[in-house]
Amino acid sequence: LDEVPGVRVLTPPGDQAGLVTFTIAGHEPEAACQALAERGVIVRWLAHPAALRASAGFFTDGGDVERLAAAAAALTATGG
């Protein structure tokens, strides 16, 4: 996600738990959550901090991460 223009990762770098908190420029978290779901990517939105949160676990593979990055990029590219 760090490499997607318009996406800001809030989770500190380094070894972390399986939660990644991020924002998508120009998109409120609740609306971005819905737009990502329409693209087949399920995340949750947070009120504080106003952001999105993706959960990754042992069942998450590279394809899942790529879908998230592509869907986030699509939102920044199209404005929604």
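Colleague: Let's start with a loop: where does Pro49 lie?

Modeller: Pro49 sits in the loop between strand E3 (44-46) and E4. Strands here are DSSP runs of E with at least two residues, helices are H or I runs with at least four, and both are numbered from the N terminus. This is a predicted model, where local features need pLDDT of at least 70 and side-chain atom pairs pLDDT 80 or more, while totals for chains, interfaces and linings use all residues. Residues count from 1 along each chain as its sequence is written, and side-chain values use heavy atoms, without hydrogens or water.

Colleague: What kind of peptide bond joins His48 and Pro49?

Modeller: A cis one, with omega at about -5 degrees. The link from E3 to E4 is a hairpin through 4 residues.

Colleague: How do I read the pairing of E3 and E4?

Modeller: In general, strands of a sheet pair through backbone hydrogen bonds, either parallel or antiparallel. Two strands count as paired if DSSP finds at least two bridges between them. Here E3 and E4 are antiparallel, with 3 bridges, and Trp45 has Leu52 of E4 as its bridge partner.

Colleague: What does E1 pair with?

Modeller: Strand E1 (residues 7-9) pairs with strand E2 (residues 19-24), antiparallel again, through 3 bridges. You can find Val7 opposite Ile24 in E2, and Arg8 has Thr23 of E2 as its partner.

Colleague: In what order do the 4 strands of the open sheet stand?

Modeller: Read across the open sheet, the order is E1-E2-E4-E3, with antiparallel pairing. E1 and E3 are the edge strands, each pairing on one side only. Ignoring direction, neighbouring strands of this sheet are turned by 35 degrees against each other on average.

Colleague: What is the volume of the largest pocket?

Modeller: The idea is to roll a probe the size of a water molecule over the atoms and see where empty space is left. A pocket is an open set of points on a 1 Å grid over the protein atoms alone, where a 1.4 Å probe fits, with protein on both sides within 12 Å along at least five of seven lines; lining residues have an atom within 4 Å of a point. Points join across faces, edges and corners, and the volume is the space filled by probe spheres set on them. In this model, the largest pocket comes to about 580 Å³. It has 26 lining residues, and the closest to its centre are Val20, Ala54, Ala56, Val65 and Leu68. E2, E4 and helix H2 (62-78) are the elements that give two or more residues to that lining.

Colleague: Which element gives the most to the lining of the largest pocket?

Modeller: H2, with 5 residues. By class, the lining of the largest pocket holds 16 nonpolar, 7 polar and 3 charged residues (Ala, Val, Leu, Ile, Met, Phe, Trp, Tyr, Cys and Pro count as nonpolar, Asp, Glu, Lys and Arg as charged, and the others, Gly among them, as polar).

Technical notes. Axes are lines fitted to C-alpha atoms, for helices over the stretch in contact, and angles run from 0 to 180 degrees between N-to-C directions.
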